Amino acid sequence: MIKTFCKTQVEVKVSEDGYLEDMSQWNEEIAHEIAGELGIELTDKHFEVINYLREKTEAKEALTIRKVGKSGIVSIKELYQLFPKGPLKFSSKIAGIPKPTSCI
Amino acid sequence: MKNLLILGAGTSGTMMANHLISKLPKKEWSITVIDQFKTHYYQPGFLFLPFDIYTTKQVKKKGEKFIPKGANYIQKKIELIQPDENKVILEGGRVLDYDILIVATGTKIAPGEIEGMDGPMWYKNIFDFYTYEGAKALRNKLREWEGGKLVVHITEMPIKCPVAPLEFAFLADSYFKNKGMRDKVDITYVTPLGGAFTKPKATEALHHLLEEKGIKEVTDFNIERVDYENNKIIDYAETEVEYDLLVTVPTNMGDELMERSGMGDDLNYIPTDKATLQTKDHENIFAIGDATNLPASKAGSVAHFEAEILTENILRYIKGEPLKAEFDGHANCFIETGNGKALLIDFNYTHEPVEGTFPLPGIGPLKLLKESRTNHMGKMAFRWIYWNMLIKGRHIPFVSTNMTEKGKHFETVEK
Ligand SMILES: Cc1cc2nc3c(=O)[nH]c(=O)nc-3n(C[C@H](O)[C@H](O)[C@H](O)COP(=O)(O)OP(=O)(O)OC[C@H]3O[C@@H](n4cnc5c(N)ncnc54)[C@H](O)[C@@H]3O)c2cc1C
């Protein structure tokens with residue numbers, strides 16, 4: 001699927017449920033736009049989490065809520081406050097990384 | 001004389017000792033297996049113990065009985081691994097040197113990870129069934145329980161045998177029906193996942209079964225704490241689920257030994273190559289079963305498939321040959337669905353659980369992803385196979401290590 005972001009007018013490839021397929025197509029503008037669709041207004045704290053998620057994904061490390069909670073950036077509780085209803089799913093979507101899987 | 005040490009005499013460690021004893025030349029290699037406990041438990045039986053389907057005797061035997069003659073067995077707690085010095089230190093200070101080390105220390109519940117879980121109500125109205133003690137205490141509770149809200153709950157993934165909590169919910173449904181009190185029991189299944197299971201295809205089938213049995217589902221529930229005074233579990237999004245009887249699968253973690261030795265990840269699992277089973281940091285250390293961080297199910301059947309590949313790789317390592325990168329994450333499990341029926345699922349790293357027949361393509365007799373009595377018989381036969389064939393390292397007829405694609409209807413997981 002191709003999705004066009006209206007503000008930035010960029011076209012990116014996304015999965016059926018709206019996750020970016022190529023994380024290198026991501027930029028902050030896109031992040032703001034996805035966040036807007038999810039009803040989230042991004043602050044610096046959000047971006048700290050987003051950058052952490054992107055770094056770990058680049059390093060091919062699997063992400064879990066527990067792991068983010070131990071990152072030193074936010075506690076699990078704070079992660080929920082930043083991304084209500086979708087601590088890992090919404091944050092991953094906004095960060096332009098694939099949908100988190102709990103593979104097993 | 002060279003030393004091969006196996007840490008842990010559970011399903012995987014016992015299997016490896018049995019495989020290797022006939023393959024390594026006795027004059028050159030000494031094999032030693034270490035475990036802290038005298039008893040070897042048949043963990044799949046813990047699912048049936050609470051419902052009085054199995055007796056305590058059917059799920060435990062003396063561990064040493066299954067260690068082959070010719071291997072040494074030490075019953076002691078392992079204190080530390082010193083991978084840079086090729087040494088293992090036991091409780092009490094005894095030091096063992098090794099040339100090759102196999103880590104098979106499994107995974108266990110860590111209820112202390114969640115506030116209020118193993119507090120004053122632990123084993124009063126909050127139980128696990130992943131330990132012998134928990135399953136037995138729960139059996140005694142269920143015998144006298146008069147009904148109310150039963151909550152079957154998973155704390156966080158990954159857990160070993162990820163279908164066991166669902167099976168528990170299904171079996172609870174039949175148990176209360178048989179006791180003539182199903183109308184007095186309200187069953188709710190609470191999971192951190194977005195659906196009943198980790199794989200979409202099986203989730204659909206299982207969701208349907210839950211509905212049919214009148215079991216409610218609460219998904220995406222990430223528990224923060226147990227409010228044991230008010231009998232509620234509360235998640236990070238402030239959602240609450242009330243219970244009268246909470247049956248939870250606590251966080252699963254590898255043994256603290258990994259943390260003490262600086263060898264584990266954040267859940268004390270040891271980083272392991274998913275195809276060869278060699279650990280990522282040390283070439284003479286291998287890992288198998290639940291102790292690894294592989295993205296495969298933590299199950300006895302998986303350990304069984306791994307053991308055949310690991311045996312071959314140890315022989316190759318000794319000869320200085322390249323390792324065989326073969327393990328494909330193959331898992332197959334029976335899912336007990338109550339009333340004497342079961343489902344069977346078969347999957348690996350890249351393939352979703354499939355429909356079809358097993359183990360013989362087109363013939364079966366077992367049907368994949370379909371409820372049947374034969375599947376239930378298969379699950380019950382597994383106990384005999386476990387004690388008499390599996391941990392003894394004997395080949396199970398017709399079942400191949402890598403997943404076969406014949407006779408199955410496939411859907412490949414997108415990468
Ligand atoms: C309720 C339940 C149902 C299940 N159902 C199924 C099923 O239907 N099918 C299936 O295939 N699998 C099932 N399983 C999973 C299966 O039992 C495990 O995956 C399997 O036992 C893993 O084997 P392992 O050798 O890796 O770990 P384990 O068998 O757990 O063995 C680990 C051993 O290491 C020892 N150890 C750990 N740390 C130390 C230390 N520091 N010092 C000394 N010793 C130590 C332990 O004492 C233990 O004996 C089920 C599990 C449970 C709990």
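How many bridges join E21(B) to strand E22 of chain B, and in which sense do the two strands run? In this predicted model, seven bridges join E21(B) to E22(B), and the two strands run antiparallel.

Strand E21 of chain B spans residues 331–338, and its partner E22 spans residues 341–347. One of the bridges pairs B:Ile335 with B:Leu343 of E22(B). Eight of the eight residues of E21(B) are buried, so this strand is largely enclosed by the rest of the structure.

The two strands form a hairpin with two residues between them. B:Asn339 is found in the loop between E21 and E22 of chain B and has a positive phi of about 50 degrees, although it is not a glycine. Most residues other than glycine have a negative phi. With a relative accessible area of 41%, B:Asn339 falls between the limits of 20% and 50% and is therefore partly exposed.

## The ligand site

The shell around the ligand comprises 29 residues, and the closest are B:Thr11, B:Ser12, B:Asp35, B:Ile78 and B:Ser301. By residue class, the shell divides into ten nonpolar, eleven polar and eight charged residues. Three helices of chain B, namely H1 (11–21), H6 (300–319) and H7 (373–390), each supply at least two residues of this shell. Residues of the shell also come from both domain 1 (2–106 + 255–319) and domain 2 (110–251) of chain B, so the ligand lies between these two domains.

An N or O atom in the side chain of B:Asp35 is 2.6 Å from a ligand oxygen. For B:Ser301, a backbone N or O atom lies 2.8 Å from an oxygen atom of the ligand. The side chain of B:Lys379 places an N or O atom 3.2 Å from a ligand oxygen. The protein covers 95% of the 1,000 Å² of accessible area that the ligand has on its own.

## A contact between the chains

A:Arg66 belongs to helix H3 of chain A, which spans residues 65–69. Its side chain is joined to that of B:Glu113 by a polar contact of 2.8 Å. A:Arg66 has a relative accessibility of 8%, which is under the 20% limit, and therefore counts as buried.

Also in chain A, A:Lys60 is found in the loop between helix H2 (44–58) and H3. A:Lys60 has a positive phi of about 60 degrees although it is not a glycine. Is A:Lys60 buried or exposed? At 76% relative accessibility, A:Lys60 counts as exposed.

## Two loops of chain B

B:Gly195 is placed in the loop between strand E13 (185–190) and helix H4 (200–212) of chain B. With 12% relative accessibility, B:Gly195 counts as buried. The C-alpha atoms of B:Gly195 and B:His207 are separated by 7.6 Å, and these residues are twelve residues apart along the chain.

B:Pro158 sits in the loop between strand E12 (148–154) and helix H3 (164–178) of chain B. Which form does the peptide bond from B:Met157 to B:Pro158 take? This bond is cis, with omega near 0 degrees. Most peptide bonds are trans.

Notes:
Residues numbered from 1 in each chain as written. Chains lettered and ligands numbered in written order. Predicted model: local features only at pLDDT ≥ 70, side-chain atom pairs only at ≥ 80, totals over all residues. Heavy atoms only, no water. Buried < 20%, exposed > 50% of the residue type's maximum accessible area, 1.4 Å probe, protein only. Helix = DSSP H or I, 4+ residues; strand = E, 2+ residues; numbered from the N terminus. Pairing = 2+ DSSP bridges. Near = heavy atom within 4 Å. Polar contact = N/O pair within 3.5 Å; in protein donor to acceptor, adjacent residues only side chain to side chain. Areas by Shrake-Rupley, 256 points an atom, 1.4 Å probe, with all protein chains shown as cover. Nonpolar A, V, L, I, M, F, W, Y, C, P; charged D, E, K, R; others polar. Domains from an automatic or database assignment.
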